[in-house]
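Please open the model in your viewer and keep the selection panel at hand. The stops below go from one chain to the other and then to the place where they meet.

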Amino acid sequence: MKKANRGNLPAAGLTLALIMVWQAAAMGMDAAYILPSPWQVLVRLWELRGPLFSAHLPATMAVVGVGLGISVVLGLGLAMLMDASPAAEKALYPLIVASQTIPTTALAPLFVLWFGYGLWSKVLVAVLITFFPIAITVFDGFRSVKTEMTELLFTFGASKRQIFWKLKLPAALPYFFSAIKMAIPLSVIGAAIGEWLGAQSGLGYFSRRMMTQLDGAGVFAPILLLSVAAMLLVAIVSMIEKRVITWRGQ
Amino acid sequence: MLTFKNVTFQYEADGFPTIDRLSFHVGRGEFVSVVGPSGCGKSTIFRLVNGLLSPERGEILVDGASIAGRKRYCGYMPQQDLLFPWRTVAENLRLPLEIQGGLSTVEMDARVERALEAVGLGAWGKKMPGELSGGMRQRAAFARTVLTGSQLLLLDEPFSALDYLTRLSMREWLLEQWERERKTVLFITHDVEEALFLSGRILAAEGTPITTLRSFPVPSGYPRSMETLRQPELLALKEELISMLRRNAG
């Protein structure tokens, strides 16, 4: 613990230095509609706290939550299917990889056309970005199981199902947590992109609206909120991970 | 207890059989070691007995019945302890019982408790495997093998990863266990001294393919100590075995 804290000191110092450079540049430029200073962003965040926290943050978090939920179910399902059947792996793996070459951002306007300005067009963007790391990482987790351990269970007379529940699933758990930690920031980005392109609420939508009003600080405030929310979520997952995975690295 | 009848086995990648028309017999309650140059196919014999491999021709009998299609007729202990790092020591020992099913949790815990006591790990059940020393881990793995309930135990170089002094004490410990339980033990080792110390009889493989296992009864009763190994008959047998192995290793 102590070591980790000491390791964070340089990062904190660098962040502070960058913020100071930003502040100085913004003050030198003196054009808040192009580059607001960090201080102006914080002030704007405080002024806008009402709509941001009561309407737009919950809207975005709903997209992130539903999107992550669907991605976890879909990603785990695909990973389990590919693990259970080599034929499914052969059929699905290339498709899953190919799905990642689609520029989701470019397609997002179409999703808005198909699913409207509501929740689901944004959820689709978030899911498309996040199910991939979950499926592939968890699948790698299943494959990381030592052959010798599988064989040992086999000599105990274990069925395929028992081998899955008693060996593969716990062995893949650390991979699952890594996947979730990767997926959280991605789903936040996905939600923001979706909202930016067409929505009635959400932090991405709000940021864009401020853009049209040439309110530079108003553009940054919801983005700052978004990053902090993503970091908090990752921190929460890391805490759960530490409690659940006590054997990492053994 | 265990009978090989003209068993032939060949790995697909090889152009020659690893085991060719091999026949041998191990009686109930015997402690038999299999020695041979490394890579000669000793472990293949074990993998045929525990069902991880199937013979091309011939028949393997345990307790007078063919092993084809049977489960849980032998307990297999591999070189590595293969304790699952996410389970406590006690939970690891419970694995074979969980897989067999049909026992209440209370009964399973009671059996695990007794097995832990028997191997001198009574106080260690709640620890994680990572907290145990190498020798303790092997003892836990041995207890797990015994909990399969099989009368036939296959031990594949279980002490080869331990340091020399730990090995010495583990040998004595294993003999104590065997003298109490009188299960049939088939023990693979490349260490002739270890084989002499432990076994009532030594089966020596003379190279690949294994066509016969030469049987050498060890001219000494039990219990044994380090002194036993200095008896002239045992020293002579040791010389004979070593020179035979060296001849065939080249």
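A salt bridge is taken here as a side-chain nitrogen of Lys or Arg within 4 Å of a carboxyl oxygen of Asp or Glu. By that rule, a search of the whole structure finds 25 salt bridges over all chains. This is a predicted model, in which local features need pLDDT of at least 70 and side-chain atom pairs count only at pLDDT 80 or more, while totals for chains, interfaces and linings use all residues. Residues are numbered from 1 along each chain as its sequence is written, chains are lettered from A and ligands numbered from 1 in the order in which they are written, and side-chain values use heavy atoms, with hydrogens and water left out.

**Chain A**

Select chain A, whose C-alpha trace spans about 75 × 50 × 30 Å along its principal axes. Chain A has ten helices and zero strands, where helices (H or I, at least four residues) and strands (E, at least two) are DSSP runs numbered from the N terminus. Next, show the side chains of Glu89(A) and Arg143(A), which meet in a salt bridge at 3.7 Å, N to O. This pair links distant parts of the chain, for Glu89(A) lies in helix H4 (residues 86-99) of chain A and Arg143(A) in helix H6 (residues 119-143) of chain A, 54 residues apart.

**The sheets of chain B**

Now move to chain B and select the open sheet of four strands in the order S2-S1-S4-S5, whose pairing is antiparallel; two strands pair if DSSP finds at least two bridges between them. Strand S2 (19-26) and strand S5 (65-66) of chain B stand at the edges with a single partner strand each, so one side of each is left without a neighbour in the sheet. Within this sheet, strand S1 (residues 2-9) and strand S4 (residues 57-62) of chain B pair in the antiparallel sense over five bridges, and Leu2(B) stands opposite Val62(B) in S4(B).

Chain B also holds an open sheet of six strands, ordered S6-S7-S8-S3-S9-S10, with mixed pairing. At its edges stand S6 and strand S10 (213-217) of chain B, each with a single partner strand, so one side of each has no neighbour in the sheet. Five bridges join strand S9 (residues 201-205) of chain B to S10(B) in an antiparallel run, and Ala205(B) has Leu213(B) in S10(B) as its bridge partner.

Which strands of the six-stranded sheet does H1(B) touch? H1(B) packs on strand S3 (31-35), S6, strand S7 (152-156), strand S8 (184-188) and S10 of chain B, contact meaning heavy atoms within 4.5 Å.

**Where the chains meet**

Finally, display both chains and select the contact, which takes 24 residues from chain B and 19 residues from chain A. The area buried between them is about 2100 Å², of which carbon and sulfur atoms give 69%; buried area is the accessible area (1.4 Å probe) that two parts lose on being put together, summed over both. Leu82(B), Trp86(B) and Ile99(B) supply 32% of the area that chain B buries against chain A, more than any other three residues.

Two salt bridges are counted between chain B and chain A. For a pair to display, take Glu98(B) and Lys166(A), which form a salt bridge with their closest N and O atoms 2.9 Å apart. The elements that give two or more residues to the side of chain B that touches chain A are strand S6 (74-77) and helix H2 (89-100) of chain B, and H2(B) gives the most, with four residues.

Notes: Axes are lines fitted to C-alpha atoms, for helices over the stretch in contact, and angles run from 0 to 180 degrees between N-to-C directions.
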